[in-house]
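Please look at the model below with its chains in view together, and follow how one chain continues into the other.

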Number of protein chains: 2
Amino acid sequence: MEHQRPLILISNDDGVVAKGISELINMLRPLGEIVVVAPDAPRSGSAGAITVTQPVHYQLLRKEVGVAVYKCSGTPVDCVKLALHAILDRTPDLVIGGINHGDNSGMNVHYSGTMGVAIEGCLKGIPSIGFSLCSHEPNANFEPGSPYIREIVQKVLDKGLPPLTCLNVNIPVTTELQGIKVCKQSKGKWTNEWENFAHRNDDHYYWLVGEFADELPLDPQSDHWALANGYVAITPVTVDVTAYPLMNDMQTWF
Amino acid sequence: MEHQRPLILISNDDGVVAKGISELINMLRPLGEIVVVAPDAPRSGSAGAITVTQPVHYQLLRKEVGVAVYKCSGTPVDCVKLALHAILDRTPDLVIGGINHGDNSGMNVHYSGTMGVAIEGCLKGIPSIGFSLCSHEPNANFEPGSPYIREIVQKVLDKGLPPLTCLNVNIPVTTELQGIKVCKQSKGKWTNEWENFAHRNDDHYYWLVGEFADELPLDPQSDHWALANGYVAITPVTVDVTAYPLMNDMQTWF
């Protein structure tokens, strides 16, 4: 039996033409066969959204040795689901979201389409990772993270991940990365989230903006501490969101 | 100082005109002052999605004693964020999503806009609950769950919930409910998720469908066991999704 190279499925939420996904493809080509199924337009903040009110369409954009790229009209999660069902001819060894243009650490995991990709892969039992760079610049420099991304992907290909878990990897913007920290998800809250740009004197129009307010001092085990100190932050994520302590406490409620 | 009735913020993902949210308003009117800020159209499967590529608009639909209803152009999470920022004049005592037309138990928590509402409330530090009936019928009968919903809401108003936790409540379709079980999230996977309705002979169009395959036998502590046996299932949910055991294991990886 022929030895097959690892199959890596890549999607994102910035869309198939974003720089981050192109850079990721180039970084990972040496590690396996790449299939990209990514949204045909930006879908930032998609979280785990799925498309249920209309059909979803996909189309091959280009195919060369070791890389095939498809665009899809659906959400990031749709892309993963459709790739697994209709596009790939075998189960991938890895599902990767990214590289996102923007920070998905801390509580942002709940809004992130990049992590939607990783969580969907994980729900399908496939080792999965979301990669994000802490910059929204369309032309951001992804290069400093490259050796770390390759190292993390190779480790997960070699070791796998336990059931019901995936990785949320965030990379700070610096050319002097300090290494990798395995972290817990930071707490803290978004504040001042809306900016009112009145439209024709109608003051009920708002743009989502906001600032993230950390709980200070930063917990040295948290992903925000790692990022603030120049480390690549790996936050292991579980898809079993049961609050077990509360589950036990509530047994006496009813 | 005047004693204020509890303020309850309600949203959903089926849209402001859905039967489920109307029924919920009627059920909860005796328990507090109600403000509804809900999507202007169905947004099922929205998960924690937020709107970042366009502004969001809201509009008052009706106001009577104890109830104000607004529609909003955004996602369920946008509705909660905008209500807290621009519409409510005080922090609500409770944020509630639902009643959803459809099951949000088990792994569906990751796709659910109803739970998107509850998770957003929770991220803002407010006790929050998502209610779902296990029926997609637009004219489903929500009445059998009514006393349980009121009991759960009153308990949470009285006792609160610990930080970083909220409740995912699912109600089976039966007129003979057996009571309440506090559960853990069922494992299992969606399968056969796409149906291909070729459009003009283009076979790249797919509708999201699917069947949920449970791990059998059902764990008697799981929400799917509770629902299959006629119980209202309360699954406590945490927004700290750190996989702590994996976090510890991975400290030696790098």
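Predicted model: local features only at pLDDT ≥ 70, side-chain atom pairs only at ≥ 80, totals over all residues.

Residues are numbered from 1 along each chain as its sequence is written, and chains are lettered from A and ligands numbered from 1 in the order in which they are written.

Chain A is superposed on chain B by a rotation of 180° with 0.0 Å of shift along its axis, at an RMSD of 0.0 Å; such superpositions are made by least squares on the C-alpha atoms of residues with pLDDT of at least 70 in both copies. That is the relation of a two-fold axis. The same surface serves both copies, since 100% of the contact residues of chain A recur in chain B, where two residues are in contact if their C-beta atoms, placed from the backbone, lie within 7 Å.

The contact takes 59 residues from chain A and 59 residues from chain B. On the side of chain A that touches chain B, at least two residues each come from β3 (56-64), α2 (76-87), α3 (113-123), β8 (180-182), β11, β13 (232-238) and α6 (244-249) of chain A; helices (H or I, at least four residues) and strands (E, at least two) are DSSP runs, numbered from the N terminus. β13(A) gives the most to this side, with five residues.

An open sheet with mixed pairing holds eleven strands in the order β8(A)-β13(A)-β7(A)-β6(A)-β5(A)-β1(A)-β2(A)-β4(A)-β3(A)-β11(B)-β10(B), two strands being paired if DSSP finds at least two bridges between them. At the edges stand β8 of chain A and β10 (194-196) of chain B, each with a single partner strand, so one side of each is left without a neighbour in the sheet.

Where do strands of the two chains pair? Strand β11 (residues 205-208) of chain A and strand β3 (residues 56-64) of chain B pair in the antiparallel sense over two bridges. Within this pairing, A:Y206 has B:V56 as its bridge partner, and A:Y205 stands opposite B:H57. β3(B) is in turn joined by six bridges to the antiparallel strand β4 (residues 67-72) of chain B, with B:Y58 opposite B:C72. These two strands, β3(B) and β4(B), form a hairpin with two residues between them, and B:G66 in the turn has a positive phi of about 85°.

A residue is buried if 20 or more other C-beta atoms lie within 10 Å of its own, exposed if 12 or fewer, and partly exposed in between, with C-beta atoms placed from the backbone.

B:V209, by contrast, sits in the loop between β11 and β12 (211-213) of chain B, and counts as exposed with 11 C-beta neighbours inside 10 Å. Not counting residues up to four places away in sequence, B:V209 touches B:E193, B:W194 and B:E195.
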